[in-house]
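Hi there,

Here is the structure I promised to pass on to you. Have a look at it first, and my notes follow below.

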Amino acid sequence: RLIDLECFLLSGLKAHGTVAPEIAFMIGERSRSVIEYPVGGSGAIVDALVRGLQRWGGVLRLGTPVEQILVKSGTATGVRLQNGEIIHAPIVISNATIWDTYTKLLRPEDVPEADRKIALSTPAIDSFMHLHLGIKAEGIEGLTGHHVVVHDSNVDITVPGNTCMISIPTVWDANLAPPGHHAIHAYTLEPYAGWEYGEFYQEKKRSRAQSLFQALEKIIPDVRSRIVLESIGTPLTHARFLRRYQGTYGPAIAAGTGTFPGPKTAIKGLYRVGDSTMPGIGIPAVAASGILCANTLVNPDLTAQFL
Ligand SMILES: Cc1cc2nc3c(=O)[nH]c(=O)nc-3n(C[C@H](O)[C@H](O)[C@H](O)COP(=O)(O)OP(=O)(O)OC[C@H]3O[C@@H](n4cnc5c(N)ncnc54)[C@H](O)[C@@H]3O)c2cc1C
């Protein structure tokens, strides 16, 4: 059950469905390092990656969504941004999901039919309900930062609402909230289907977040009376802010039924990285997908010189 839970938390599938490279990469990392927390929050990791990018002349442009990957005679030639600007490039690497890349960023006529069919038929893991809270910290003793609450051990861990993940980063880094407060993020799986903005959205949102509140009450019994800031996210929020097809956690490619594709595509000059590619979902895995792509494009000896 523990390995089922660990696999589920990482891949969205239990042990029998999780591909070996994904779990191997994570457990391999764990055996070489201690589990720590970045001072400054997860944003500090992003900042470090951006520093690395800029050190080698790279430029990160935020708030400039790509509208289309440009393809001419089966070869990628660059991208057109939503603001109309065209960037010409001999190599384009898409970090968007398989569905977003093949159905939104590429025109149907530019994609070999077989690839489009694979993209459209790839099963997606559900999305999430999110609960973000700011709470008064006074009087809370011995709080730890990570919790996984399984409400009912007789119910499958993958059933939406049953397994709730909780992070309280201010346990390690008090600067992430005003003095005397904790920041909390809790989330659980939630299907995208059935969600729409409209009359009943707010009510449904509150109702579907209850399993998260109940999970939190197991850690901090009086959490509801401590709340100073509350923000609930739904699959629509996840899809919108992360630009992900149906707000999905990623592809549900179960071991034995298929394999995550590598970085190459049928379009010359177009490569793919991220959680729709080998080795799969999770930060270590997507970092590995970037390494695989870099090694595909550049001789590994040359890459090593830059490290
Ligand atoms: C709630 C939650 C908790 C998680 N916890 C963990 C954990 O504890 N450990 C772990 O290892 N993994 C965890 N994961 C999984 C991990 O976060 C993901 O697998 C990983 O972030 C995926 O990275 P990615 O780069 O493939 O995709 P993303 O992080 O989705 O990045 C894709 C980027 O592409 C951008 N984009 C999309 N379309 C366009 C466009 N048209 N133009 C420009 N930009 C575009 C998006 O805005 C986004 O920034 C968690 C995921 C979630 C949702």
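How far is an oxygen atom of the ligand from an N or O atom in the side chain of R244? The distance is 2.7 Å, and such a pair counts as a polar contact (N or O atoms within 3.5 Å). The ligand also has an oxygen atom 2.9 Å from an N or O atom in the side chain of N95, and one 2.9 Å from a polar backbone atom of G282. Taken alone, the ligand exposes 990 Å², of which the protein buries 68% (Shrake-Rupley areas, 1.4 Å probe).

Before you go on, please note that this is a predicted model, where local features need pLDDT of at least 70 and side-chain atom pairs count only at pLDDT 80 or more, while totals for chains, interfaces and linings use all residues. Residues are numbered from 1 along each chain as its sequence is written, and side-chain values use heavy atoms, with hydrogens and water left out.

Now to the surroundings of the ligand. The shell holds 20 residues, each with a heavy atom within 4 Å of the ligand; V66, R244, D275, G282 and I283 are the closest. By class, 12 are nonpolar, five polar and three charged, with Gly counted as polar and Tyr and Cys as nonpolar. Helix α10 gives the most, with three residues (helices are DSSP runs of H or I, at least four residues).

The chain has domain 1 (42-123 + 252-306) and domain 2 (126-247), with bounds from an automatic or database assignment. Their C-alpha centres are 30 Å apart, and each domain gives at least three residues to the shell.

Best wishes

Technical notes:
Polar contact = N/O pair within 3.5 Å; in protein donor to acceptor, adjacent residues only side chain to side chain. Helix = DSSP H or I, 4+ residues; strand = E, 2+ residues; numbered from the N terminus.
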